[in-house]
Amino acid sequence: MPKLDEKPRVFLEEFRVKNAPDDYGMADEKWNFKKFTKKFRIVIVRMDSTEMEFDLIGIQPAFANAFRRLMLSEVPSMAIEKDEVLAHRLGLIPLKADPRLFEFRPENAEEGTEFDTLEFSLKIKCTNNKYGPKDSFRAEDLYENHSVYSSSIKWHPIGNQASIHKEADVGPVDDDILISKMRPGHELDMHLVAVKGIGKDHAKFSPVATASYRLLPEVTLTREVDGSEATLLQSCFSPGVIGLDSDGKAF
């Protein structure tokens, strides 16, 4: 019975891609959770408020893809569920609200509560700009409120929410998300309701804009390369992939 490889690999050959024969999923030995946890590591490369990059070490691509799919479809988030118009566009505006502080609303519930619902309003009207330059044809000069942005969405606390949350912690992630364009006479007066959900039910609940993974390459030279061939080989890769020793041999 073959042993599980210390470092799972996918081999890129000239005309095909194949897994190492003793990797997870290919070996005769059953997958062992305890062995997996000893070898598996996560190293965070960089992280900020909107993006995160990390390395999954000691894991097969199938597992990495499972993590990707879980982030897309199984991690809860808050999103606008009901409104009068523009439902799809408003639902895709990401909210800062921490879903861990809210419950899933029961399917048969007609009204939300402070424990499962956030309520917002969007009220704005487009008018002519009386003080704009007369010879301009730019919408920015001719009209006021002709572009509706997410900054116009206002939060209205329910019950005791005001003592638990701050408006800056539950509103849109960014204030410059364009919702609609209007002209004089157009007006939006909307009541918005946000609830907790998962991406598997609707894309608007997906907490990530995108989630992807790539394999960490490991280049192994199958023969000795030196001289001009080594220099040429080094130029074919990104800096740091192929090195040259003091004798001009590639490694």
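Predicted model: local features only at pLDDT ≥ 70, side-chain atom pairs only at ≥ 80, totals over all residues.
Leucine 232 belongs to helix α7, which covers residues 227–235. Alanine 250 is 18 residues away from leucine 232 in sequence, and their C-alpha atoms are 10.0 Å apart.

## The nonpolar core

The largest nonpolar core has 22 residues. Those touching the most other members are Leu90, Leu118, Phe120, Leu122, Ile153 and Leu192. At least two residues of this core come from each of the strands β5 (77–82), β6 (117–125), β10 (153–156) and β12 (187–197).

## Salt bridges

The model has nine salt bridges. One of them pairs lysine 249 with glutamate 224, at 3.6 Å from N to O. This pair links distant parts of the chain, 25 residues apart: lysine 249 sits in the segment after α7, and glutamate 224 in the loop between β12 and α7. Lysine 249 is partly exposed, with a relative accessible area of 29%, whereas glutamate 224 counts as exposed at 54%.

Within it, the closest N and O atoms of arginine 46 and glutamate 53 are 2.9 Å apart. Arginine 46 is partly exposed at 42% relative accessibility, and glutamate 53 is partly exposed at 22%.

Arginine 138 and aspartate 141 form another salt bridge, at 3.1 Å from N to O. Arginine 138 is partly exposed, with a relative accessible area of 46%. Aspartate 141 counts as buried because its relative accessibility is 19%, and buried means under 20%.

Notes:
Residues numbered from 1 in each chain as written. Heavy atoms only, no water. Helix = DSSP H or I, 4+ residues; strand = E, 2+ residues; numbered from the N terminus. Core = buried A, V, L, I, M, F, W, Y, C linked by side-chain atoms within 4.5 Å. Buried < 20%, exposed > 50% of the residue type's maximum accessible area, 1.4 Å probe, protein only. Salt bridge = Lys/Arg side-chain N within 4 Å of Asp/Glu carboxyl O.
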